[in-house]
Each structure stands twice: as structure tokens, then as C-alpha cells.
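Student: Could you take a close look at the aromatic rings here and tell me what surrounds them? I would like one connected account, with the cut-offs spelled out.

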Amino acid sequence: MENLNNLPQKELIIAIIENDDAILMRKKPEGSEPYKETWYLFGCEPISHQDNPTTLKNYLKTEFGVDVEVSNEQVSFANEIKVDHDGVEKFFTYINMKCRYLCGEPKVPKGLEKVDWVPKDKLQDYDLVPPSVKLLKGLGYLQ
């Protein structure tokens, strides 16, 4: 097992954006790093002078054009060791937070192929990245 003390650490706040029976997901082009899978949830890095719900809400509005209400209930934490976009292996901590969609037409920023509402009962048909699979299983949305 790797010595975690030697690995750089990175936190990401992950949004589970729900609207009725669907979850907002994003699709990256095939072959994009760090995963071979293409569909994943939304996430951003914490900002030191802001609480996580505010950071996440501002990120989703600015980058994707959607307004959400971030639940006070933190869903869970998850960890993973992987090579980041900069080519450096890091120890990731995911802070998973549920969000309720309020309004806004989701936009597709540069670097993404698609942003779409995925019905919860169709999630198993999508090529989801491993951390999203683990989280969605934990929420009971995937078997």
C-alpha cells in the first residue's frame, strides 16, 4: 500500500443535482483523462474563505448556468488515489452533497461534450466514472 503522507492531497465538492426523478450529469469526450468512462457528476474545489455549499452553488451557476439549493445534509465522503489532470498522482477526498435543481438551462462548457438530465432508472445504461458509480450505488440509485 502506498504511503499517503507522500501523496499530494486534493479535495473536491461533488454535486448530486436532482430534479424529480433525474440527475444532471456531464459527458466528457471519449479518451479524456483521468478515466476511460465518459459520464460523471459535477464537482469543484473548495474555496478557503467560503463554506462548501456556497462554493458549490456559485460554481454550478457560473460554469453550468443552473441554480440549485444545496442540502445541509452532507451525503458522504469518499477517497481515491489517482493521477490528476496535471499528471501527478494524488489522494482525493470527495465531499458529496445533494442539490435540488431550482432553475436555469444547463450549458455545456468548453471541454465537455454534453450536459443532460439522466433518469435515475436509466443510470445503469450510462458509462459512469467509478467514483460516480460508487456514490450512486450508496444512494440506492444503482444496483
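Tutor: Let's begin with Trp39, which is buried at a relative accessible area of 6%, whereas Tyr126 is partly exposed at 26%. Here buried means under 20% relative accessible area, exposed over 50%, and partly exposed in between, with a 1.4 Å probe and protein chains only. Please keep in mind that this is a predicted model: local features need pLDDT of at least 70 and side-chain atom pairs pLDDT 80 or more, while totals for chains, interfaces and linings use all residues. Residues are numbered from 1 along each chain as its sequence is written, and side-chain values use heavy atoms, leaving out hydrogens and water.

The structure contains 5 aromatic pairs, where Phe, Tyr or Trp rings (the six-membered one for Trp) have centres within 6.5 Å, and planes under 30 degrees apart count as stacked, over 60 as edge-to-face and the rest as tilted. One of them joins Trp39 and Tyr126: their ring centres are 4.9 Å apart and the planes stand at 90°, so this pair is edge-to-face. It links distant parts of the chain, since Trp39 belongs to strand β3 (residues 39-40) and Tyr126 to the loop between β7 (114-119) and α2 (130-138), 87 residues apart. Strands (E, at least two residues) and helices (H or I, at least four) are DSSP runs numbered from the N terminus.

Phe42 and Phe64 also form an edge-to-face pair, because their centres are 4.6 Å apart and their planes meet at 80°. Phe42 sits in strand β4 (residues 42-44) and Phe64 in helix α1 (residues 52-64), so this contact ties together parts 22 residues apart in sequence. Both partners are buried: Phe42 has a relative accessible area of 0% and Phe64 one of 2%. Ring pairs also bring in Tyr59, giving a cluster of Phe42, Tyr59 and Phe64.

Strands pair if DSSP finds at least two bridges between them. In this pairing Ile13 stands opposite Cys44 of β4. Of the 11 residues of β1 (residues 9-19), 8 are buried, so the strand is largely enclosed by the rest of the structure.

Charges meet rings as well. The charged end of Lys28 sits over the ring of Tyr40, 5.9 Å from its centre, and Lys82 lies over the face of Phe92, at 4.6 Å from the ring centre. The criterion is NZ of Lys or CZ of Arg within 6 Å of the ring centre and within 35 degrees of the ring normal.
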